[in-house]
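Keep the 3D view open as you read.

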Amino acid sequence: MKNSFCLFCLCWFSLLASAQIRLPDYPDSLFNTYYWQRVTHFRTLPRSKEDILFVGNSITDGSGWGELFNDLHVKNRGISGDYTAGVLNRLKDITDGRPAKIFLMIGVNDLSRNTAPDSIVKNICLAVSYIRQETPSTKVYVQSILPVNAVFGKFGGHTKKKNEILEANRLLQEKAMATGFVFIDMYTAFSDLNGALDTKLTNDGLHLKGSGYELWKHIVYPYVYDLQQQPSVLPAPKELSWQQGHFTLSECRTIVASDPATIRQAVTLQNELAEMGRIMTIENKLPVDQPAIVLSAEKVEAPSGKDEAYRIDVKNDRIMIRANTGHGLFNALQSLHQLMRDGSMVDNCSLRDWPSFSFRGYMVDVGRNYQSIPLLKEQISVMARYKLNVFHLHLTENVAWRLESKVLPSLNNAAGMTRNAGEYYSFDELNDLIRYCTDRFITLIPELDMPGHSEAFKRAAGVDMQSPEGMELCRKLLNELMDHTELPYIHIGGDEVKITNKQFLPEMYKVVADRGKKVIAWSPGGEVPEGTIRQLWQGQVKPLPGFVSIDSRHLYLNHLDPYDAVTAIFSHVIDDVPEGDEQHPGAVLCLWPDRRVSREEDIIRMNPVYPGILTFAERCWAGGGWKNYASDFGSPGSAQYNAFSEFEHRFCDQQQQYFRDKSFFYTRQTETEWSLIGPYNNKGDVTAVFGPEGINQYDSLAAMSRLKVYGGTIWLRHFWSPMIGSHLKDPVENSTWYAVRRIYSSTEKETGFRIGFYNISRSNTTPAPPQGAWDGRGSRVWINGESVQAPHWKRSGNLPGLEDPLTDEGYEYRDPVMVILHKGWNTILVKAPVASFKAANWNIPVKWMFTVMADD
């Protein structure tokens, strides 16, 4: 819907440039007392640029729009008895507030006065053109005139105008593109088989009952919130077909469930519906001739993942949910939640679904940076919404041991912790997290990292883990953990350490396995016995025969920026197989913020946590993928590009609907096309100037290009090249590339841009750029020929350590750079030079990349 609006802008832009639009001057006496009561009332109300106004006559006036949408920005600007002249007369009041959107439905009262359809449409088009002139950023939606019905014997002057209504609607639809508004056909959905207003929606043939406003909301909901027409389900179901009709939630009073598994999920659904204001009871029988939502434990066929498979069938009077298990029912409710996006109606559909991988996890490192229980639960809740089912909790590190211990109480002493001193989890808190996960069909996997990453242990115990005394303490610590919890897996770490005692890891394996638990360890790492599940973390490591493997390669959020995270994770092939099996059950997405954070919220704000979780959920559930370690999503017309574009629409719908109150940075990148110009041999001088810098015209610059690339973050060479590819196939050092693109603005305005040339991993001690520069390589960006200055860096000139938090180094967590865009097309030119690919310091790898994206 956003793209179509840009087309409208182009259509009316040239028209507005030629003439100033003036509204007719009407005498006040033309309008009745109620009209002026409403107009003067509207003038006293607060206004904001986020307002979404419903403008019209008594049909609009009759709804409590803010309550209907549960959104204070959605406001009623209807006046009973109003007609097109009345709207024109009060239009300046409306445009002065610069609202975000206007939804206009007007004209039926004009018809009752015998005004011709073409005259009505001319007035509506005049209103739209005036709005466009006065507040070009306001999106305008003209809703068709509703049908009428004479069966009630009321409003005869209106109900005899069926043909005129059809003609007016035809003309409105015809003129929408040229005039610059979105036409919304309401007539069809509100009509019965004879083209009259459906009697279920009205009691007088003209005005609406509550069910009519529910339908109205359902139709315009995607326009109000910039969503796709059909609800977006993520992860995408394996099978989904849409049908005509809908199930009305406000007419339903009953959830049917008859056994313990279904009753448990029925209570979950009942609570969720109550949060939407829909109060329902749980019964064990179908109500007679009443709509109902039915949960049933019955066989659902699936080629894999039968324990999690489910089916949903939505019809006018019934939502039928079937699954083989309680877990399947829970998964079904997550999809139903997305189908119920507007809280009013659910479109009729049939859906059958199952996962491609059984092990779909997310890991947080609380050893280095402690996270409170509420923040952990927030992330777990998001995991559950998107059907992830494993929560990996990395509890111990060199920094601190974050789990209670009676075996070695000194582990919990604040003096032994080098960060977040005194912060750890009691067993009561851990078991509370376990219950929270279990309620959502998520398995919590605790990790006590051994024998590496264990300086906190050494400080507390006074011995090394691999010593005889240390081994005995580790046995006791593992048994203490297992004594206090009921969990199927224990992770023992095992990586990034010199193994001096080859019996250490086999012995720890035996301690855990003897208690009937499955053991997980990192790979590469120390040698572990057969039967250990290997969690792969380095890119060159492959699954081994005889070992179950879990994939975490290039799935570290701390090394990814938001655009790169979504691109790379979407392309990933889980464990190198298209779908899971016993040897390849799945993957874990990891978050390792090695550097200290100033506040725990920065862990989410500075890392693409929620964009990553959603993309990872899609890939693990769907299976498949395109290419491991990829930085791009292909070019238009390719299968990869088309698949990514379809996913991105659903992804952005989720962002818009469910993450408005959370840290979730992302803007659509599929249609971001860059024309690359180069390479120029800079001979190691990154300040060298080449031809594109003297050219300001887009067409001239684009003509110099020999390569087009797509995306929000462009990698000219990935810092883990050649293992991870980039947009350039054969990057060469001592080169300068330029990139050009253009963007359209409907008006001259100040716009925020997210600009970056070096995304610092949250694990390294990379310093901020030099003051006055975007990076240390001489990268630059111009918009319409004007150089865009880098921000004033808060920590420039300092060589940081891991205890120095990041502040404003990343484009995704600092304020955008504000730039004036011209009305019409604007040209962006980027300069990206590089000298040697060899890094002087492993903490400062050479990242040849750029991001220049406008905030929507």
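## Before we start

This is a predicted model, so to speak of local features takes a pLDDT of at least 70, side-chain atom pairs count only at pLDDT 80 or more, and totals for chains, interfaces and linings use all residues. Residues are numbered from 1 along each chain as its sequence is written, and side-chain values use heavy atoms, leaving out hydrogens and water.

Helices (H or I, at least four residues) and strands (E, at least two) are DSSP runs, numbered from the N terminus.

## The sheet

Six strands line up as S22-S21-S24-S29-S26-S27 in an open sheet with antiparallel pairing; strands pair if DSSP finds at least two bridges between them. At the edges sit S22 (707-710) and S27 (786-787), each pairing on one side only.

S24 (residues 735-745) and S29 (residues 824-834) run antiparallel, joined by 11 bridges. Look for Tyr738: its bridge partner in S29 is Lys831.

## H20 and its neighbours

Take H20 (residues 562-571) and H23 (residues 639-658): their axes come within 11 Å and cross at roughly 120 degrees. Axes are lines fitted to C-alpha atoms, for helices over the stretch in contact, with angles from 0 to 180 degrees between N-to-C directions.

The axes of H20 and H22 (residues 609-622) come within 9 Å, crossing at roughly 15 degrees. H20 is therefore roughly parallel to H22 (angles under 35 degrees count as roughly parallel, over 145 as roughly antiparallel, 65 to 115 as roughly perpendicular and the rest as oblique), whereas H20 and H23 are oblique to each other.
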